Amino acid sequence: MIDFISDTVTHPTRQMRDAMYEAAVGDDVYGEDPTVNRLEAVAAKRMGKNAACFMPSGTMANLTAILAHCARGYEVLVGDESDIYHYEAGGPSVVGGVVFHPVRTQPDGCLAIEDLKASFRDPLDFQCARAGLICLENPHCHSGGRVLPLSYLQEAHALAKSRNIPVHMDGARIFNAALALGVSPAEVASFADSLQFCLSKNLAAPIGSMVVGDTGFVDETRRLRKMLGGGMRQVGVLAAAGLVALDTMVDRLSEDHRRARLLAEAIARLPDIQVNLDEVQTNMVFFRITGSRFTWQTFLAELARHGVRMCELGYGRIRAVIHYQINDDDIEATIDTFKKILE
Ligand SMILES: Cc1ncc(COP(=O)(O)O)c(C=O)c1O
């Protein structure tokens, strides 16, 4: 099976498993795990922030960040097509009494500055919750893995500052964004007060995300992590894989981008496929099945019958995510499968 369903399906590499076996450990709730401490220092430095905290998941990273920024009863301006809004079980509302204020997502993944401005309502006039935070997702998954431009980030950040509220970036795949923009991840992160990125997706670690930001903010996320039951003990065994991920898996992401482009351009030439090539900026390819021969359901079933797994990700769009377990031969075989089915 060639598995394009997500980059979360990636397995830890041999080097990660060796590092996990050899990892020096301690009790991380006491701050005494040397491998976690090293990972946190490396992550903070890579993102140009003062501090970092190792989290079990991107969901907990986003949740603790939102709760650290936003008091109960405040609202978070969040994209209506974001992972935080759709796929994280409403944690900030359930756990922290934070109100989601969904903002329409533009086709390129941005939340229009005008829409953000309009979302700031006078709480006394409107008897509404006070705005406490803006969340941006970059790259933006539901928009095809598109990257938010630096000029946009700068504008959104300036707006937040003018309203005296912070920006949190869900940068689950921040290294893909930085690669596509041709800048360092720290430059992308500089337009956010806090950011979370995942080790367990395209970087192939078995688990883990990092929250980065100012020291006081990160200390608070650490306290909230404990409240949520995410305080881990000898977790250097997992942090060790994260360190290898940062060391060995970032530079190779350009391979995934190249292969995504290859796949997109090849299938764009086939009948009954609609791909917006401008959308293909990172490791994702979104496309639609047109014509009357297939629905997205029957096309996915046909792909699966030929050993290719993809998924639907909203409004009948099919998504393919390229990752390190997909090589050039797999891309070629997949293109051949598409041809076999469609030509
Ligand atoms: C953009 C984005 N943010 C956050 C998450 C949540 O990460 P996790 O699955 O580690 O909780 C995901 C997961 O796919 C994601 O794609």
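Me: The expected span of a helix is 1.5 Å times one less than its number of residues. How many residues does α3 have, and how far does it reach from its first C-alpha to its last?

Reply: Helix α3 has 12 residues. The reach is 16 Å, close to the 16 Å expected at 1.5 Å a residue. Helices here are DSSP runs of H or I with at least four residues, strands are runs of E with at least two, and both are numbered from the N terminus.

Me: What kind of model is this?

Reply: This is a predicted model: local features need pLDDT of at least 70, side-chain atom pairs count only at pLDDT 80 or more, and totals for chains, interfaces and linings use all residues. Residues are numbered from 1 along each chain as its sequence is written, and side-chain values use heavy atoms, leaving out hydrogens and water.

Me: Back to α3. How many of its residues are buried?

Reply: Nine of the 12, so α3 is largely enclosed by the rest of the structure. Buried means under 20% relative accessible area, exposed means over 50%, and partly exposed lies in between, with a 1.4 Å probe and protein chains only.

Me: Which ones are buried in α3?

Reply: They are G58, M60, A61, N62, L63, T64, A65, I66 and L67.

Me: How do α3 and α11 cross?

Reply: Helix α3 covers residues 58–69 and helix α11 covers residues 215–227. Their axes come within 9 Å and cross at roughly 120°. That makes α3 oblique to α11. Axes are lines fitted to C-alpha atoms, for helices over the stretch in contact, and angles run from 0 to 180 degrees between N-to-C directions. Under 35 degrees is roughly parallel, over 145 roughly antiparallel, 65 to 115 roughly perpendicular, and the rest oblique.

Me: Is the crossing right-handed or left-handed?

Reply: α3 passes α11 in a right-handed crossing. A crossing is right-handed if the near helix is turned clockwise from the far one by less than a right angle, and left-handed if anticlockwise.

Me: Which residues make the contact?

Reply: From α3, they are M60, T64, A65, L67, A68 and H69. From α11, they are F217, E220, T221, L224, R225 and M227. Contact means heavy atoms within 4.5 Å. By class, this contact of α3 with α11 has seven nonpolar, three polar and two charged residues. Ala, Val, Leu, Ile, Met, Phe, Trp, Tyr, Cys and Pro count as nonpolar, Asp, Glu, Lys and Arg as charged, and the others, Gly among them, as polar.

Me: Next, α13 and α15. At roughly what angle do their axes cross?

Reply: At roughly 15°, with the axes within 10 Å. That makes α13 roughly parallel to α15. The crossing of α13 past α15 is right-handed.

Me: Which residues meet there, from α13 and from α15?

Reply: R258, R259, L262, L263, A266 and I267 in α13 meet D328, I331, T334, I335 and F338 in α15. The contact of α13 with α15 divides into seven nonpolar, one polar and three charged residues.

Me: And E332, buried or exposed?

Reply: E332 sits in helix α15. It counts as exposed, at 53% relative accessibility.

Me: What about H257, buried or exposed?

Reply: H257 is in helix α13. It is buried, with a relative accessible area of 12%. Leaving aside residues up to four places away in sequence, H257 touches N176, L179, A180, Q281, T282 and N283.

Me: How do α9 and α13 cross?

Reply: Helix α9 covers residues 174–181. The axes of α9 and α13 come within 10 Å and cross at roughly 70°. That makes α9 roughly perpendicular to α13. F175, N176, L179 and A180 of α9 make the contact with L253, S254 and H257 of α13. That contact of α9 with α13 has four nonpolar, three polar and no charged residues.

Me: Which residues in α9 are buried?

Reply: I174, F175, N176, A177 and A178 are buried in α9. The buried residues of α9 pack against α2 (34–46), β6, α10 (185–189), β7 (194–198), α12 (236–248) and α13. G182 follows α9, and its phi is positive, near 70°.

Me: Backbone now. Which peptide bond is cis?

Reply: The one from N138 to P139, with omega near 0°. P139 lies in the loop between β5 (131–137) and α8 (150–162).

Me: Where is Q127 found?

Reply: Q127 is in the loop between α7 (123–126) and β5. It has a positive phi of about 55° although it is not a glycine. Q127 counts as exposed, at 69% relative accessibility.

Me: And where is N164 found?

Reply: N164 is in the loop between α8 and β6 (167–170). It is not a glycine, yet its phi is positive, about 65°. N164 counts as exposed at 72% relative accessibility.
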